[in-house]
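Here are my notes for someone opening this one up for the first time. Have a look at the model, then follow the points in order.

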Amino acid sequence: GNQNPSYVHSDAHVHIHHHNHYRKQDDESRQRTRMKVSEALCKPSDEVKQLLEGLYECSPWVADKFVKERTAQSQGKGDDGAATAPITTVTGLAKALKSIVDDSTQDEKMLLIRSHPDLCEKVSEMANLSEESQDEQSRAGLQSLTVQEFADFERNNAAYKRKFEFPFILAVRNATKYTVLSAMAGRLENSAQQEFAIAMQQVHKIAWMRILAKFESDQPAGFLTCHVLDTANGCPARNMRIQLHRLSPPESAGLVGEFVTNSDGRLDGGPALKGSDFQVGSYEWTFYAADYFASRGTFTSGTPFLDVIPIRFGIDNPDDHYHVPLLVSPWNFSTYRGS
């Protein structure tokens, strides 16, 4: 039968029907079928190009140049005459492809930007997009705009194209429709030069997300650590109970682990996540601050101002170290991505 999504227009919403059951199956299938980077790049040149072509939207020249450069370098015919080291991580693959795009001409970059689909035109024509773009725009909820949101979307999109003469580009895989609407309205204020640079940043971000969906590092080196400092007493927070939950991807969501900080305010046994457990996704630390301050005899209000502190954060690169600390007193807390 017809596999295109069906469209329903009402006074309240513009909506596309999707089958979430099949979406979840597709997500799980992608998780299982991601290919090791070295395995992908060891294939014959035509197969490598085919694997990489969809990463930069409708721009096969990027994959073609990558294959030609890697072939020349492997034969010691590169600019410095030396054979190049193999690429074994998603970080390395993304860096190599980004370098090709960054070194291209201004006209080539503009063609690449203009190869991306119009986010607004038409949300109701998603079946005509590339497979990658269709999935990304569907995830952002662009198929469930209210009538007023869709009208604002169309108006700002038309103004954007008139001003910049290329489509509005935003990496929407992990965004919401509210992210898209606010970004489009805000970026209309930019100069042409500013917006061209932002569009290219988004092009690379889209390619990165597609790389993560399709490939995995041979041996991911990333890991997650934590450190809790008690700013009220000026010392590491010893014996604070902490939980770590994975929120997404949904197929592996749930409690990852429970920990108690040591005398240095860190976790015994090293990283909270490493190896295959260190996955790209959304996470949440839960810090039981009021219990900790009670154990210290530190005064807190009858109803603690800070009782249980959740910190939601994202892991985007499986090859990186993510350090998410907590600086806390009974009255305030802060965090950041450390090293």
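1. Let's start with one side chain: Lys 177 is found in helix 9, where helices (H or I, at least four residues) and strands (E, at least two) are DSSP runs numbered from the N terminus. Is Lys 177 buried or exposed? Its relative accessibility is 11%, so Lys 177 counts as buried; buried means under 20% relative accessible area, exposed over 50% and partly exposed in between, with a 1.4 Å probe and protein chains only. Its side chain joins that of Glu 149 in a polar contact of 3.0 Å (a pair of N or O atoms within 3.5 Å; within protein, one must be able to donate a hydrogen and the other to accept it, and residues adjacent in sequence count only if both atoms are side-chain atoms).

2. A word on what you're looking at. This is a predicted model, where local features need pLDDT of at least 70 and side-chain atom pairs count only at pLDDT 80 or more, while totals for chains, interfaces and linings use all residues. Residues are numbered from 1 along each chain as its sequence is written, and side-chain values use heavy atoms, leaving out hydrogens and water.

3. The overall picture: the protein chain has 11 helices and 15 strands. Of its 339 residues, 43% count as buried.

4. Now the helices. The largest nonpolar core has 53 residues (such a core is a set of buried Ala, Val, Leu, Ile, Met, Phe, Trp, Tyr and Cys residues joined through side-chain atoms within 4.5 Å). Among the residues with the most contacts inside this core are Leu 52, Tyr 56 and Phe 215. Elements giving two or more residues to this core include helix 4 (60-74), helix 8 (147-164) and helix 10 (192-214). Helix 10 supplies the largest share, 10 residues.

5. Leaving aside residues up to four places away in sequence, the residues Tyr 56 touches include Leu 97, Leu 112, His 204 and Arg 210, a contact being heavy atoms within 4.5 Å. Apart from that core lies another, of 28 residues, with Phe 259, Phe 278, Ile 309 and Val 324 among them.

6. Next, strand 11 (residues 281-288). Why call strand 11 largely enclosed by the rest of the structure? Because 7 of its 8 residues are buried. Strand 11 runs antiparallel to strand 8 (residues 241-248), joined by 6 bridges, with Ile 242 partnering Phe 287. Strand 12 (residues 308-315) also pairs with strand 11 in the antiparallel sense, over 8 bridges (two strands pair if DSSP finds at least two bridges between them). Here Ser 282 stands opposite Gly 314.

7. There's also an open sheet of 4 strands, in the order 7-6-14-15 with mixed pairing. Strand 7 (235-236) and strand 15 (333-334) are its edges, each pairing on one side only.

8. Finally, the rings. The whole structure holds 11 aromatic pairs (rings of Phe, Tyr and Trp, its six-membered ring, with centres within 6.5 Å; planes under 30 degrees apart are stacked, over 60 edge-to-face and the rest tilted). Tyr 160 and Phe 168 sit edge-to-face, 5.3 Å centre to centre with 85 degrees between the planes, and both are buried. Phe 278 and Tyr 322 have centres 6.0 Å apart and planes at 50 degrees, so that pair is tilted. It links distant parts of the chain, 44 residues apart. Ring pairs also link Phe 259, Tyr 283, Trp 285, Phe 287 and Phe 313 into a cluster.
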